[in-house]
Amino acid sequence: MLGWGKIYLMTCEQCGGELASFREGSALAVKCTRCGWSVATTDIPGIKVDEAKYVVRCRGDYQDKIHIKAVSEVTGCNFLTSRNTLQKGLALVFVGQAEEVLRVRDVLVSAGVVCEITPDFNWV
Ligand SMILES: [Zn+2]
């Protein structure tokens with residue numbers, strides 16, 4: 001169940017306006033205050049309203065170019081820095097919100113890098 005306070009994070013898909021929540025019968029719906037576009041909250045992916053900050057750590061092979069490239073892509077650091085990061089063992093590579101974390105995780109996992117996300121990540 002979504003909390004009322006979290007919906008302000010979302011903007012209208014049609015006009016970018018502010019969304020407000022309201023009751024429609026027994027259901028909670030969200031409507032744009034500008035253009036009237038509305039959506040049932042059951043259609044809103046939970047990942048979009050997850051406000052938690054996640055920490056991504058990874059462990060890979062610093063001699064594996066594919067692993068280094070994946071870390072480089074995620075951290076925005078160059079090849080050498082990324083190799084040093086992997087050399088340290090379990091290294092912190094990203095801190096952010098659910099949608100970004102999912103993207104980061106995909107990059108790492110598809111390269112074969114083991115990653116750990118804290119707190120528990122439920123959007124996989
Ligand atoms: Zn709108």
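Author: Start with one pair of residues. V55 stands opposite V95 in β5. Helix α3 packs on the sheet here, where it touches β4, β5 and β6. The direction of α3 makes about 5 degrees with that of β4. Keep in mind that this is a predicted model.

Now look at the sheet itself. It is open and has three strands, in the order β5-β4-β6. The pairing is antiparallel. β5 and β6 stand at the edges. Each has a single partner strand, so one side of each is left without a neighbour in the sheet. Neighbouring strands are turned by 25 degrees against each other on average, with direction ignored.

Next, zoom in on β4. This strand covers residues 54-59. On one side, β4 pairs with β5, residues 91-96, in the antiparallel sense. Five bridges make up that pairing. Then turn to β6, residues 114-118. Here too, five bridges join the strand to β4, and the two run antiparallel. V56 stands opposite I117 in β6. C58 has C115 as its bridge partner in that strand.

Which residues of β4 lie on its covered face, and which on its uncovered one? First, a general rule. In a regular strand, side chains alternate between the two faces of the sheet. Now read along β4. Y54, V56 and C58 make up the covered face. V55, R57 and R59 make up the uncovered one. C115 and I117 are on its covered face. V114, E116 and T118 are on its uncovered face. V56 of the covered face of β4 stands opposite I117, which belongs to the covered face of β6. C58, also on the covered face of β4, is partnered with C115, again from the covered face of β6.

A52 lies in the loop between β3 (38-40) and β4. Is A52 buried or exposed? It has 11 C-beta neighbours inside 10 Å, so it counts as exposed. Leave out residues up to four places away in sequence, and A52 touches A98 and P119. P119 is 67 residues from A52 in sequence. In space, their C-alpha atoms are 8.5 Å apart.

Now move to the helices. In α1, the buried residues are H67, I68, A70, V71, S72 and V74. What covers them? The cover includes β4, α2, β5 and α3 (98-110). An α-helix has 3.6 residues a turn, so residues three or four places apart point the same way.

Take α3 as a partner of α1 next. The axes of α1 and α3 come within 8 Å and cross at roughly 170 degrees. The two helices are therefore roughly antiparallel to each other. Their crossing is right-handed. α1 brings A70, E73 and V74 to the contact, and α3 brings V104, V107 and L108. By class, this contact has five nonpolar residues, no polar ones and one charged one.

The other helix partner is α2. Helix α1 spans residues 65-75 and α2 spans 79-87. Their axes also come within 8 Å, but cross at roughly 105 degrees. α1 and α2 are therefore roughly perpendicular to each other. From α1, the contact uses H67, I68, V71, S72 and T75. From α2, it uses F79, S82, R83, T85 and L86. Those residues divide into four nonpolar, five polar and one charged.

Finally, step back. The protein chain has three helices and six strands. From the N terminus on, its elements run β-β-β-β-α-α-β-α-β. Of its 124 residues, 23% count as buried. Consider the contacts in the chain with a separation of 6 or more: residues 24 or more positions apart account for 48% of them.

Terms used: Residues are numbered from 1 along each chain as its sequence is written. This is a predicted model: local features need pLDDT of at least 70, side-chain atom pairs count only at pLDDT 80 or more; totals for chains, interfaces and linings use all residues. Axes are lines fitted to C-alpha atoms, for helices over the stretch in contact, and angles run from 0 to 180 degrees between N-to-C directions. Helices (H or I, at least four residues) and strands (E, at least two) are DSSP runs, numbered from the N terminus. Angles under 35 degrees count as roughly parallel, over 145 as roughly antiparallel, 65 to 115 as roughly perpendicular and the rest as oblique. Two residues are in contact if their C-beta atoms, placed from the backbone, lie within 7 Å. Ala, Val, Leu, Ile, Met, Phe, Trp, Tyr, Cys and Pro count as nonpolar, Asp, Glu, Lys and Arg as charged, and the others, Gly among them, as polar. A residue is buried if 20 or more other C-beta atoms lie within 10 Å of its own, exposed if 12 or fewer, and partly exposed in between; C-beta atoms are placed from the backbone. Two strands pair if DSSP finds at least two bridges between them. A crossing is left-handed if the near helix is turned anticlockwise from the far one by less than a right angle, and right-handed if clockwise.
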